[in-house]
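These are my notebook entries on one structure. I set down what I looked up, entry by entry.

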Amino acid sequence: MNQIFQMRIKQLSGIKHFVSLVLFLFIVNNSIAQEVYDLSRCIKTGLERNFSLLVARNNEEIATNNFTRGNAGMLPVISSTNRFGGTLNTTNQNYNDGSKVALNDIHNNSGSLGVDLGMTIFKGFQVKTTYQKLKEQKELEGFNTQMSVENLVSLIVSQYNYYIQQLILNDNLAYAVSLSRERVRIDRQRYLLGGASKLELLQSIVYLNSDSSRFAHQNEVLRTSQIRLNELMAADDLGENIKLKDTLIQLDQKLLYDDLLQQTLQNNTSLRIAAKNQVITELDSKIIKSRSYPYLTMSSGYGYSYNRYGSGSLGNQNVHGLNYGLTLGIGIFDGFNQKRLKSNALVEIQSKKIQYKEVEQEVKADLLTIYFAYENNLRLLKLEEQNLSVARENLEIALERYKLGSLAGLELREVQKSLLDAEERLVSVQYQTKIAEISLFQISGRIMEYI
């Protein structure tokens with residue numbers, strides 16, 4: 001039995017509101033039959049089924065498939081060429097002595113087949129550098145997938161705690177409705193006994209209707225939050241009712257800035273992506289430089305050909321044999337394009353270095369800003385907890401005085417509103433603190449600790 005349930009039992013027992021107690025027990029009993037989700041299960045379900053993450057993983061798989069020696073040009077290329085054809089000709093020949101020769105429907109046939117092998121032996125280290133670049137691109141896609149995973153986990157943890165916040169607010173408003181209903185009951189009895197005016201009774205009914213309206217609206221917000229959590233988990237039934245294991249927002253109040261900064265500089269995914277882009281740009285520059293080197297290629301093959309002649313003294317012939325060769329070449333002048341590409345590559349390397357420093361500065365600024373918000377919310381949390389304790393005690397006193405007739409209805413309403421506001425402020429500060437905590441975990445590369 002969770003803490004909120006125990007608190008509601010105590011509060012409802014205090015005012016002896018049997019109908020609200022039975023209604024609350026009915027809701028709880030229905031929720032027990034639902035499947036229970038804890039935070040770890042929600043995250044694992046989302047990681048297995050979320051559609052955007054599946055796309056990111058497919059992109060990583062493509063980069064992995066591209067990381068091969070053959071794609072880098074390290075392996076030989078073997079091809080086979082086969083051909084069969086022929087000609088059907090009519091020939092008329094006129095000689096200077098006046099004689100003529102006519103050859104009709106001369107059919108010649110030819111066929112050939114061959115296997116060729118080609119391989120790059122040296123290309124200015126371009127092949128080796130290209131292979132290294134493919135490896136870096138594979139790791140870059142891995143970081144991009146990791147970024148998608150971290151973003152999804154952050155969203156699920158945030159939505160999970162937002163759902164808890166809405167459940168708490170829903171319970172608070174349900175309790176507010178029960179208090180207003182109790183007040184209507186008291187005022188109706190007083191009115192029937194002549195101890196209160198009808199105006200007081202009608203005003204109590206207005207308050208009850210107002211609280212009931214807010215409670216109905218909160219049910220809508222709660223339902224929307226539940227649907228959003230199902231969406232992040234890619235549930236088959238987005239409208240499925242979810243019962244959470246946690247009923248309170250759990251906070252980590254021991255995060256230290258120095259530790260977070262060190263972890264951020266080591267593990268932040270945005271920084272890793274920026275660093276990897278810088279490495280890839282440097283490899284691109286090496287590939288461009290390699291074009292200035294000479295290149296050496298090797299080729300070899302085996303061929304067979306057959307020819308049949310429809311006229312002449314030779315009826316047919318076939319030729320078969322091996323061929324081989326080495327090709328050595330070097331680019332001498334290309335209109336200064338090579339020099340231009342080298343200059344642009346150096347500028348691009350400088351740009352990537354600047355971008356890394358920019359990302360590093362942004363990450364540090366975000367960490368510092370969020371940590372200040374985290375610390376401030378922790379201070380506010382203690383204050384709001386004290387305010388809530390005072391507001392609850394104040395309501396108990398006010399309710400007893402109201403039953404005795406020594407407190408006006410308007411004053412009771414203000415006390416009741418103060419309690420509701422204190423509850424809302426407390427859960428709001430708890431949620432904002434949790435959001436700051438989640439952001440700090442994500443920036444420092446610790447977001448997967450929530451699983």
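Entry: I looked up Y371 and Y374 and found both in helix α10, 3 residues apart, about one turn of the helix. I take helices (H or I, at least four residues) and strands (E, at least two) as DSSP runs, numbered from the N terminus. The model is predicted: local features need pLDDT of at least 70, side-chain atom pairs count only at pLDDT 80 or more, and totals for chains, interfaces and linings use all residues. Residues are numbered from 1 along each chain as its sequence is written, and side-chain values use heavy atoms, with hydrogens and water left out.

I counted rings of Phe, Tyr and Trp (its six-membered ring) as paired if their centres lie within 6.5 Å; planes under 30 degrees apart are stacked, over 60 edge-to-face, and the rest tilted. By this rule the count comes to 7 aromatic pairs. The pair of Y371 and Y374 is tilted, because the ring centres are 5.7 Å apart and the planes stand at 40 degrees. Together with Y257, Y371 and Y374 form one aromatic cluster. Are Y371 and Y374 buried or exposed? Both are buried, where buried means under 20% relative accessible area, exposed over 50%, and partly exposed in between (1.4 Å probe, protein chains only).

**Entry: V390.** I then looked up V390, which also lies in helix α10. V390 counts as exposed because its relative accessibility is 54%.

**Entry: the nonpolar cores.** A nonpolar core is here a set of buried Ala, Val, Leu, Ile, Met, Phe, Trp, Tyr and Cys residues joined through side-chain atoms within 4.5 Å. Which members of the largest core touch the most other members? I noted I43, L229, L244, L440 and Y450, out of 41 residues. Two or more residues of this core come from each of α3 (39-49), α6 (126-193), α7 (198-232), α10 (337-404) and α11 (409-443). Helix α6 gives the most, with 10 residues. Apart from this core lies another, of 17 residues, among them L388, A391, Y402 and L407.

Entry: I listed the buried residues of α3 as L39, C42, I43, T45, G46 and L47. Their cover includes β1 (36-37), α4, α6 and α7. For contact I required heavy atoms within 4.5 Å. Not counting residues up to four places away in sequence, I43 touches V153, I156, V157, Y450 and I451.

N50 is found in the loop between α3 and α4 (51-66). N50 counts as buried because its relative accessibility is 8%. With residues up to four places away in sequence not counted, N50 touches L152, E231, L232 and A234. The side chain of N50 also makes a polar contact with the side chain of S52, at 2.6 Å. A polar contact is a pair of N or O atoms within 3.5 Å; within protein, one must be able to donate a hydrogen and the other to accept it, and residues adjacent in sequence count only if both atoms are side-chain atoms.

**Entry: D211 in α7.** D211 lies in helix α7. At 4% relative accessibility, D211 is counted as buried. Leaving aside neighbours within four places in sequence, D211 is in contact with A176, V177, S180, R413 and Q416.

**Entry: helix α9.** I looked up α9 (residues 269-290), which has 22 residues. The helix reaches 32 Å from its first C-alpha to its last, close to the 32 Å expected at 1.5 Å a residue; the expected span is 1.5 Å times one less than the number of residues. What caps the N-terminal end of α9? N268 does, with a side-chain oxygen 3.0 Å from the backbone nitrogen of S270.

K276 lies in this helix and is buried, with a relative accessible area of 12%. Neighbours within four places in sequence aside, K276 is in contact with E136, E139, L140 and F143. K276 and S204 are 72 residues apart in sequence and 66 Å apart in space, C-alpha to C-alpha.

Entry: Strands β2 and β3 (residues 100-123) pair in the antiparallel sense over 17 bridges, where pairing needs at least two bridges found by DSSP. S80 stands opposite V115 in β3. The hairpin has 5 residues between the strands, and G98 takes a positive phi near 95 degrees. Strand β2 (residues 77-94) is hardly covered, with a count of 1 buried residue among its 18 residues.
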